[in-house]
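User: Please take me through the packing inside this protein, one question at a time, with the cut-offs behind each term.

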Amino acid sequence: MKIQPITPTYRNEVNEILKKEWDCPPSVSRGRAIDTTTLDGFIFLENGKIKGLITYNIENTDCEIATLISLSENKGIGTALVEATKAAAKENACTRLWLITTNDNTSAIRFYQKKGFEWVATHINAMDVAREIKPSIPLLGTDGIPIKHEIEFEMVI
């Protein structure tokens with residue numbers, strides 16, 4: 001198992017995974033479109049195959065996790081990728097690591113809280129704005145839960 005930065009060698013494969021798993025680009029966060037095809041990030045390799053990836057965007061002293069995908073759940077892939085991103089954020093003098101998830105994504109909500117992120121805001125009906133930017137966002141998500149709100153998590157670093 002190996003974590004490494006996304007390099008040009010893997011960029012096309014990363015972008016294919018982002019398209020398949022999340023219909024990216026774009027990703028939408030707080031009413032803005034994010035071009036995930038150009039973001040920095042890390043991949044988790046196992047036997048030369050990508051098993052997970054994370055992309056992030058640094059602005060000033062904030063590092064936003066734009067996407068996190070684990071293709072094998074409960075094996076430490078997401079945790080390792082978040083830790084690599086946290087280290088990169090520190091190296092870039094960031095003081096805050098943050099992200100947005102949706103109200104239906106209960107596994108992500110549990111995951112981020114267990115990793116030490118604080119739930120700092122619920123942006124009510126934010127997905128209405130997100131769908132104006134990205135109409136392909138479904139109305140129903142995990143377990144048939146309506147996708148309506150953005151939940152903001154942060155970690156002070």
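User: Which residues have the most contacts inside the largest nonpolar core?

Analyst: This is a predicted model, in which local features need pLDDT of at least 70 and side-chain atom pairs count only at pLDDT 80 or more, while totals for chains, interfaces and linings use all residues. Residues are numbered from 1 along each chain as its sequence is written, and side-chain values use heavy atoms, with hydrogens and water left out. A nonpolar core is a set of buried Ala, Val, Leu, Ile, Met, Phe, Trp, Tyr and Cys residues joined through side-chain atoms within 4.5 Å, where buried means under 20% relative accessible area, exposed over 50% and partly exposed in between, for a 1.4 Å probe and protein chains only. The largest such core has 23 residues, and those with the most contacts inside it are I65, Y112 and F117.

User: Which element supplies the largest share of this core?

Analyst: Helices (H or I, at least four residues) and strands (E, at least two) are DSSP runs numbered from the N terminus. Several of them supply at least two core residues each, including strand 6 (62-70), helix 2 (77-91), helix 3 (106-114) and strand 9 (150-156). The largest share, six residues, comes from helix 2.

User: On which side or sides of helix 3 do its buried residues lie?

Analyst: The buried residues of helix 3 are A108, I109 and Y112. Taking the arc from the directions between the helix axis and the C-beta atoms, they cover only 105°, which puts them on the same side of helix 3.

User: What do these buried residues of helix 3 pack against?

Analyst: Contact here means heavy atoms within 4.5 Å. The buried residues of helix 3 pack against strand 6, helix 2, strand 7, strand 8 (118-123) and strand 9.

User: How is the ring pair of Y112 and F153 classed?

Analyst: Rings of Phe, Tyr and Trp (its six-membered ring) pair if their centres lie within 6.5 Å, with planes under 30 degrees apart counted as stacked, over 60 as edge-to-face and the rest as tilted. Y112 is buried, with a relative accessible area of 7%, and F153 is buried as well. Their ring centres are 6.1 Å apart and their planes stand at 35°, so the pair is tilted.

User: How many residues apart in sequence are the parts that this pair ties together?

Analyst: Y112 lies in helix 3 and F153 in strand 9, so the parts that the pair ties together are apart in sequence by 41 residues.

User: Which residues form the aromatic cluster?

Analyst: The structure holds five aromatic pairs. One of them, F111 with Y112, is edge-to-face, at 5.1 Å centre to centre and 80° between the planes. The one cluster is formed by F111, Y112, F117, W119 and F153.
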